[in-house]
Structures are given as C-alpha cells and as structure tokens.
Amino acid sequence: MDSAAPVDPSSTVNSAELSTIPNGGTEPDTLRGRFSSLIANAMENNPYFAAGGGLMILGTGLAVARSGIIKASSLIYRQMIVDLEIQSKDKSYAWFLQWMSKHPHRISKHLSVRTNYVQHDNGSVTTKFALVPGPGNHWIRYKGAFIRITRERSAKMIDLTNGSPFEIVTLTTLYRDRFLFDEILNEAKNIALKSAEGKTVIYTSFGPEWRKFGQPKAKRLLPSVILDKGIKEDILSDVHDFMRNGKWYSDRGIPYRRGYLLYGPPGSGKTSFIQALAGELDYNICILNLSEGNLTDDRLNHLMNNMPERSILLLEDIDAAFNHRTQSGETGFKSSVTFSGLLNALDGVTSSEETITFMTTNHPEKLDPAIMRPGRIDYKVFVGNATPYQVEKMFIKFYPGEEALCKKFVQATANLNVQISTAQLQGLFVMNKDRPKDALEMIDTLRHSSHVI
Ligand SMILES: Nc1ncnc2c1ncn2[C@@H]1O[C@H](COP(=O)(O)OP(=O)(O)OP(=O)(O)O)[C@@H](O)[C@H]1O
C-alpha cells in the first residue's frame, strides 16, 4: 500500500499487512509490537487521524494549562489576598456600613439609603439619610491601600430573629495590608459609640433579642426628676455601694445582682427616675413590660440572660406576672409571664457583670411575698403622689425666682384636699409656661383628674 495514499478509516487490517510487520520477539510481544506499529503507521499516514490527534493533544494541553493557571492564581490569591467577612448578625455590620457611608474615597455604583432620626440636646429631632453601599461590589482607598467591598444578600436565608434577609459584607485586600481591617473596624466602632456618647440607649425586646428603641436619647438629668426628700440620694448611694463591691460578692460566691422595686401610683416619676439614674451611671436601659401579651417565661429568661453590656434592666408592671393568666379587670390583658417564670428568671441571671434590675408596679398589694426575698428584690421604695416638698421643688424648677408665688401655690394645692401626681403638676406648668400666676389661677383644674384624700 502506498504510504501517501489515503486510507479508508473504516477499512480493517488484513493478515497480509500484519505479516509485513517486523517480528523480533515472543508471540505476545510480536502481537503488541505489530499493533503499535499499525497505530503509528495509521496516524502517520492517515491525515484524519493526524489532524484529530493534534487537536486532541492541543485540547489536552490547553485544559492542563488552564487548570494550572487556575490553581496557580488561587494559590497566589490565597497567599497575597486576604478576606474579611462580616455577617449581618454581627454588631460590627451596622457599624461598618455607617463608617462606609462616611468614607470619602470610595467608588460605589449601588447605594442603599438608611434613614435615622437624631435627637439633639434641646430635644428636637431631625432626619438624617446615610447612603450606605448596596448589594454588589465597591472599592475604597484607605491609607493608600485599595480594598474591595462586596455586599451580598441571600435570597434564601433570612435572619429568623427579625425576618430580614441574611447579608454578608466581605472586605478584600492585599495580604500585606491586612492590619487595615482592624483599624477600619475600630474606627467604625468608635464612630458608632461616639454617636451614643452622652446619651442613653433604650432597648426593648424584639422576639428573643434586644433591639434599640429609636435613636439614643439625650440623657435625662437626675435633678430634673423630683422625688420626695432623700429618695433619690438613698437609691443612688445604694447603687454606688453595690457597684463598688463586686469582689465582696465574688469572694462569698453570691450572684452579683441587686433588685430594686419602685412602687406607687401612675405618673409619680418612677420610670423617669430610672432613666435619669441610667444617665447618671452612664448605663443604657433594657425595658420589658410584663403586661405585654406575647412575653413568655422562656423569652423573659433568655432576654434577662442576654442583655447588652452596661445596661440596667427595667421590668415594668411586674404585678402582671401575678395575674395567674386571668383577665385583668382594668386593662383586659392576659399575661403569659407566670409568677414562677418571673422568679426563675430573677434567680437565674448569671451574668458575670453586675446586674441591676429595677421593677415597677402600681399595685404592690398584688405581689406575692416570695418576690421580696433578697436577691430578687433587695431594696423597695414607695414613690408616691406629690408631697408639699415636691410641689415646691417643681414650681421653682419651672418658675425660678418666684418664691412668693410658690408659697401660695403650695398652700393652694394643700387646700385642694386631693392627691396630685407629679405628672399632673408638670402638665399644668407646661400649659402655663412662663406664666406662674396663670398656673396658680388654674390650680382647680387639678381637682378633676385627682383622687379625693
Ligand atoms: N417626680 C417627677 N419629677 C419630674 N417629672 C415627673 C415626675 N413624675 C412624673 N414626671 C413626668 O411625668 C411623666 C410621666 O412620668 P413617669 O412615666 O416617670 O411616671 P411613672 O411613675 O413611671 O408612671 P407609671 O407608673 O404609669 O409607669 C414624665 O413626662 C415625667 O417627666
């Protein structure tokens, strides 16, 4: 057969061709040798085979090269690039987005808006919009380094505690610049904490977690709350004494917690005092209202054991836990926190930090004596309606320098022969801002919403 002639690929090899293959060994060797030469011959002489083989080798070569490049680049990536992942459930997530919204050197094409209400020291509230990076890729330049920021939102996963989509922000930069991550996070944290500096953060429960209730509020100052003589000072000195004595508690193996009960009629300043105390101590407040219908024993226990740091726990209306799940005559609520649930939660707080719990009630007669045990309630105080001492202090606070009118006002309130709450007094003074005489003349209006003594 002519070596240059095309060969029908479908043609079979016949015995004559096999006999032309040189044979130099044993029988199997002979066969293998012949077969190899046949293939080589066919490849060499057959242009279809030759072209296909070439392509195959080229393809294989390219595939090997490609996987080599991928492996090499991922190796280089691993060696030279570093990632930081921040998940939306982490505290620093919101801090970072806020930081990013203020960062001047950034390239962002997808932005999201975050609306905040900011309370100023004079009490006014303004709205602030922050343009934070939206889902997608963004680049920033920070201290000379380029950092890529990828914000991803999962379409399938949601945060079960609050129903929001699960998100991740990933920061990527060169390995040599990895220390910048720490600096960015610290900067973001400081900015976030600074915005709450001098303010009180109020947390309320949202499902099983604590959530900030609105924006941090300007601290309420202690002198702005007027309680009867000595009450504020006594509580404050007890709290300070407790906070100084952590070692005393740990040396004796006593849980480091203290419970306070403020009881008395509505509008006497119980909640206001606790807020002012938190401001004085530079603490935040976690407020739980036990008459809330959807609060269960388990949730109460979980929340009390997972409070944000430096917080006072305020349990309002604790008498609600003593309603034994029956209808309340006045408010019609049904509480799902039980008495034993409340006791367990109070006994079970196992924070390593000091735990200060304030409880309030308008109905101390409904409380079971078991709650008065030390460790649950260690200090109780009656915060009542306005005494002459409080009436005088409040009048002068609203109308400084009006001592003569103040005397008349105090006498006039005594003559009314009714119980007046400090909240009612405040209402009258606010209505007659800068008009102390009018306040005196309108004193009879307090009678309508008061209890006769
Ligand atoms: N002793 C007080 N000194 C200054 N302000 C007071 C005082 N008592 C009441 N107020 C004012 O009245 C309003 C209601 O007060 P607050 O909520 O503190 O009362 P409360 O005793 O906690 O009432 P409740 O038992 O209904 O929760 C607040 O605006 C507060 O500023």
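**Getting to know the model: a working chat**

Biologist: Which residues have the most contacts inside the largest nonpolar core?

Modeller: They are I274, I285, C286, L290, I312 and L314, in a core of 42 residues. A nonpolar core here is a set of buried Ala, Val, Leu, Ile, Met, Phe, Trp, Tyr and Cys residues joined through C-beta atoms within 7 Å. Buried is defined as 20 or more other C-beta atoms within 10 Å of the residue's own, exposed as 12 or fewer, and partly exposed as anything in between, with C-beta atoms placed from the backbone.

Biologist: And which helix gives the most to this core?

Modeller: Helix α8, residues 270-281, with five residues.

Biologist: What does the pLDDT average over the protein chain?

Modeller: The average is 81, and 76% of the residues score at least 70. pLDDT is the predictor's confidence in each residue, from 0 to 100. The model also scores ipTM 0.97 and pTM 0.67.

Biologist: Which elements have the lowest and the highest mean pLDDT?

Modeller: Helix α1 (residues 15-19) is lowest at 38, and helix α11 (residues 388-398) is highest at 96. Helices (H or I, at least four residues) and strands (E, at least two) are DSSP runs, numbered from the N terminus.

Biologist: Where does pLDDT stay under 50?

Modeller: Over residues 1-26, for which the model has 15 contacts beyond four places in sequence. A contact means that the C-beta atoms of two residues, placed from the backbone, lie within 7 Å. Residues 325-329 are also below 50, and that stretch has six contacts beyond near neighbours in sequence. Where pLDDT is low, the predicted coordinates should not be read in detail.

Biologist: OK, new topic. How many helices and strands are there in the protein chain?

Modeller: There are 15 helices and 18 strands. Of the 453 residues, 23% are buried.

Biologist: What order do the strands of the open sheet have?

Modeller: The seven strands go β10-β9-β13-β14-β15-β12-β16, with mixed pairing. Two strands pair if DSSP finds at least two bridges between them. β10 (209-212) and β16 (379-382) stand at the edges with a single partner strand each, so one side of each has no neighbour in the sheet. From one strand to the next, the twist averages 25°.

Biologist: Which helix packs on the sheet?

Modeller: Helix α6, residues 231-244, which touches β12, β15 and β16. The direction of α6 makes about 170° with that of β16. Axes are lines fitted to C-alpha atoms, for helices over the stretch in contact, and angles run from 0 to 180 degrees between N-to-C directions.

Biologist: How many bridges join β12 to β15?

Modeller: Seven, between residues 257-263 and residues 355-361, and the two strands run parallel. G259 has T357 as its bridge partner in β15. β12 is also joined to β16 by four bridges, again running parallel, and there L262 has V381 as its bridge partner.

Biologist: How many residues of β12 are buried?

Modeller: Seven of the seven, so β12 is largely enclosed by the rest of the structure. R257, G259, L261 and Y263 are buried on one side, and R258, Y260 and L262 on the other. In a regular strand the side chains alternate between the two faces of the sheet.

Biologist: What about the phi of D317?

Modeller: D317 has a positive phi of about 55°, although it is not a glycine. Most residues other than glycine have a negative phi. D317 sits in the loop between β14 (311-316) and α10 (339-348).

Biologist: Is N417 buried or exposed?

Modeller: N417 is exposed, with 10 other C-beta atoms within 10 Å. Its phi is positive too, near 60°, and N417 lies in the loop between α12 (403-416) and β17 (418-419).

Biologist: Last one: which residues does A145 touch?

Modeller: Leaving out residues up to four places away in sequence, A145 touches T173, L174, D177 and L180. A145 lies in strand β6, residues 145-158.

Key: Residues numbered from 1 in each chain as written. Predicted model: local features only at pLDDT ≥ 70, side-chain atom pairs only at ≥ 80, totals over all residues.
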